[in-house]
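Dear colleague,

I am passing on the structure we spoke about, together with some notes on what came out of it. Please read the notes with the coordinates open beside you.

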Amino acid sequence: MTVVVGGGPAGAAAAWHLARAGHAVRLLERDSAPRDRICGEFVSVEAQAVLRAMDIDPAALGAPAIDRLRLVSGDRVAEAPLPFRAYGLTRKTMDAAMLDRAAGAGAVIERGVTVREIGGLRLATDAGAIDAARLVLASGKHDVRGAKRVSRGTVTDLIGFKSYFRLAAAPAAALAGHIEIMLFAGGYAGLQLVEGGRANLCLLVERRRFDAAGGWPALQQRLRRDCRHLGERLDGAVELLDRPLTVAGVPYGFRYRPRPDDLPALYRVGDQCAVVPSFSGDGMAIAMHSGRAAAAAIVAGVDARAFHAACRAEFAGQMRTARALYRLGQPAWLQPLIVEAAKAWPGLATRLAAWTRIPGVG
Ligand SMILES: Cc1cc2nc3c(=O)[nH]c(=O)nc-3n(C[C@H](O)[C@H](O)[C@H](O)COP(=O)(O)OP(=O)(O)OC[C@H]3O[C@@H](n4cnc5c(N)ncnc54)[C@H](O)[C@@H]3O)c2cc1C
């Protein structure tokens, strides 16, 4: 029996592929029901390929299409076509659909079970101890005691916020079909529509800037003032969550490095395997792709060390590009110049969006 810890995109993809290959799979998910997640909810072409294989069609779930990118700094706005059609689909809908498909393929999905500790192939859960023949660790942003990631050398000083808004008619019409990336001192924000006519505002900001602003309402006010574009988009908007979803300490740039003492039957997937800077909008694709690859490795009898080494090599180029672009976009003085360059050469933004994808997937 293979036990999958976590029912996000990585765990669900792994469970579906294993079950389809005839393997006995048990997936443990700590949340007892689908819920909102902190995520920009930009579903890239690579993620769509995995969803399609699972017979999940974002458009049929009501997700609006996204074909163009707007890059914003202060009053400057550059626009370019995306190199593919993306979709805006909430994680609440997408994760539930993926788990439904995994269950339909024969995986046993147990919701409301939290894994407290991993000791070898024995799991301590709040529903008792579980012994696994193989383990797929797909707990995402959350490390599990006994199997924590070592995230030295990564960028961990950012705090993430996500909220939904009902925009006024004119800003909603202007946003339709676009992902808007707004650069500001100490961070960036992404704004796009998702199903149900809502707008997802997801942003990352340096902790010290957040502390200086003094909380989410003050930060939001400040960004609306400093970035006129965001101010116009949110003018007359209604925030739909009582408080934003938040995350801190995400180790951007992390790629799991295999160690000699790794268990040969413990496969790390998704954010437990690699964490790409969020603006690339490809984290879910990496998660699904690594889940699928772990399942293929298990079916083929490839041990976890070889699997992790292959993942590390596969994601190296994409991670390097995304990290370099993240660093380039950081200095506030450079941000307007980047947008001016994107205005002068619209093909540049399209090319950059293509460079931050997993090569050969899609
Ligand atoms: C601010 C932000 C914006 C992002 N925007 C985008 C975007 O627009 N597009 C994109 O493609 N990617 C985006 N990403 C990246 C993407 O969200 C992640 O890469 C992706 O969710 C990783 O999937 P996962 O399955 O590994 O983990 P997760 O999605 O984190 O799922 C892990 C699952 O495991 C469960 N779990 C955790 N611990 C336990 C436990 N101990 N026991 C049982 N269950 C457990 C959780 O409840 C959860 O369901 C963004 C990330 C951030 C932080």
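In this predicted model, three strands form an open sheet in the order E7-E8-E9, with antiparallel pairing. Strand E7 (115–119) and strand E9 (128–131) are its edge strands, each of them pairing on one side only, and neighbouring strands of the sheet are turned against each other by 20° on average, direction ignored. Between E7 and strand E8 (residues 122–125) the antiparallel pairing runs over four bridges, and Gly119 stands opposite Arg122 in E8.

The other topic is the ligand, which is surrounded by 36 residues, the closest being Glu29, Gly40, Arg91, Asp271 and Met284. By class, the residues of this shell divide into 15 nonpolar, 12 polar and nine charged.

Of the 1000 Å² of accessible area that the ligand has on its own, the protein covers 96%. The elements that contribute two or more residues to the shell are helix H1 (9–20), strand E2 (25–29) and helix H8 (283–300), and of these H8 gives the most, with three residues.

With best regards

Key:
Residues numbered from 1 in each chain as written. Predicted model: local features only at pLDDT ≥ 70, side-chain atom pairs only at ≥ 80, totals over all residues. Heavy atoms only, no water. Near = heavy atom within 4 Å. Areas by Shrake-Rupley, 256 points an atom, 1.4 Å probe, with all protein chains shown as cover. Nonpolar A, V, L, I, M, F, W, Y, C, P; charged D, E, K, R; others polar. Pairing = 2+ DSSP bridges. Axes fitted to C-alpha atoms, helices over the stretch in contact; angles between N-to-C directions.
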